[in-house]
Every structure is written in C-alpha cells, then in structure tokens.
Amino acid sequence: MILSNDSTHSTIAIHDAIKKPFYVPSSSASKSNRRRRRGVCFDEDRNEYYTNENRQAQDCHETWYTKEDYLEFRTILRAKIHETINNEQKDLSFQVAIRNMYLLASKVDFILDDASKLLQEENASQLAELYASEEHMDLIGMEYNVVFSIKQDVRKKREEIQDICYDVQGEYDRGLWTLPDMQREMQESCHAVSQSCGLFAQLLAIAQQKSRSD
C-alpha cells in the first residue's frame, strides 16, 4: 500500500490499499431508530446582529434578490430541464453518462477523498465527452435534475442527513453522548451518506475541466 498525507499532497494506491470502510453508526443512533423529520431548525438565541452603517434598508432592493426573482429563476430552470429532457429522448447519451458517473461514485464503500482515483480509461474518455456541446455546457449545475433517479436519491440522502442531525442532537441533549463523541458520530454518519454526492461532484468538475482544456 502507498499512502501519504500532508498539507500539500495526498496519494493512495486504491487497488493495493487496505481500504478503510465507512464508519458504521452506533446502535443508539441507527437508522431504524430515527424518526423522519423534514426541515432545519436554528437556535435564534445564538444569532449575532450587525448594523450596516453604509447602506439604508430601502437600498436593499438593489443588492438582494426578491421573491419574484427567485420564482423567475425556478421557472427558467424548469423550462431548461424540460427542454433538455425532451431533446434527450432522441439521444440519451448525456443522461446515460451522468447516470454512469453517479453509479460509479455510489459504489464506493470505503472512505475516498479523490474521485479521480476511480477513473479508468473507459469512463475517463466518457467524462471528456460529457460537456462536448454548448447545450450540455448550459446544464452545468443542473445535472441532478436531468436524471430523475439521481434527483430522487439525492432527496433521500438529504432527508437522511436531516434525520441524523436531529436524532444525534436529541440524544446529546438527553445525555447519551459526550460532546466529542457526538461530534464524531455526526461527522462520520453524515459523511457515510454524503460521500457519493461529493465524489459525483468531483467527477463532473473533472469533466468540465476536460471540456475547457480540449
């Protein structure tokens, strides 16, 4: 195994390495015991307020998006996604390539920070062609919406992370965790859920870089 890790460089030979498996959450915080909770709560008592002495409240409309702006953004986004999906019915290559990249990232069952280690000759060449057209370049940032199965899976992961945070924090409040143990549980449990999305984002970034360098 080749493994090095310092502030400027990190390498690992995956095929020869003893792969460190995902952290398995403790039984007290297991998924089977977690309740579904959709939403995020903030401790308003810990907010800190700062006064902007350079601008007045009535000036905010010049620098802040309005509710109507966000509605317009969503409308444009939906229209672009539907247009892409309709066009892709004739040629599914983009959707297939996106799905393959997501499956590649999702199959990793050990801790991995660098998605480029997953690439072999076949999927590397597929990445290089992913954003070959201007139409596909316009979809940067919207890939999750083009393939419904990915969008659905990401939604489930987001809800699972919310469940983890809600339940682990609740267990900490009931005295079941010390603060360091609670933080470790939160970090490693959430990482086990979110790693595939992080690796997928890296693969898309690699594809975008390749399209610009060609």
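Which residues form a positive surface patch? The patch consists of Arg 74, Arg 78, Lys 151, Arg 155 and Arg 158, where Lys and Arg are counted as positive, and where patch residues have over 30% relative accessible area and no salt bridge, with like charges joined within 9 Å. A salt bridge here is a side-chain nitrogen of Lys or Arg within 4 Å of a carboxyl oxygen of Asp or Glu.

The model is a predicted one, in which local features need pLDDT of at least 70 and side-chain atom pairs count only at pLDDT 80 or more, while totals for chains, interfaces and linings use all residues. Residues are numbered from 1 along each chain as its sequence is written, and side-chain values use heavy atoms, with hydrogens and water left out.

The protein has seven helices and two strands, which are DSSP runs of at least four residues (H or I) and at least two residues (E), respectively. Helix α6 supplies three residues, the largest share of the positive patch, and Arg 155 lies in this helix. Arg 155 counts as partly exposed because its relative accessibility is 34%, given that buried means under 20%, exposed over 50%, and partly exposed in between (1.4 Å probe, protein chains only).

Turning to the interior, buried residues make up 29% of the 214 residues.

Methods. Patch = residues over 30% accessible without salt bridge, like charges linked within 9 Å, V, L, I, M, F, W, Y side chains within 5 Å. Areas by Shrake-Rupley, 256 points an atom, 1.4 Å probe, with all protein chains shown as cover. Charge placed at Lys NZ, Arg CZ, Asp CG, Glu CD.
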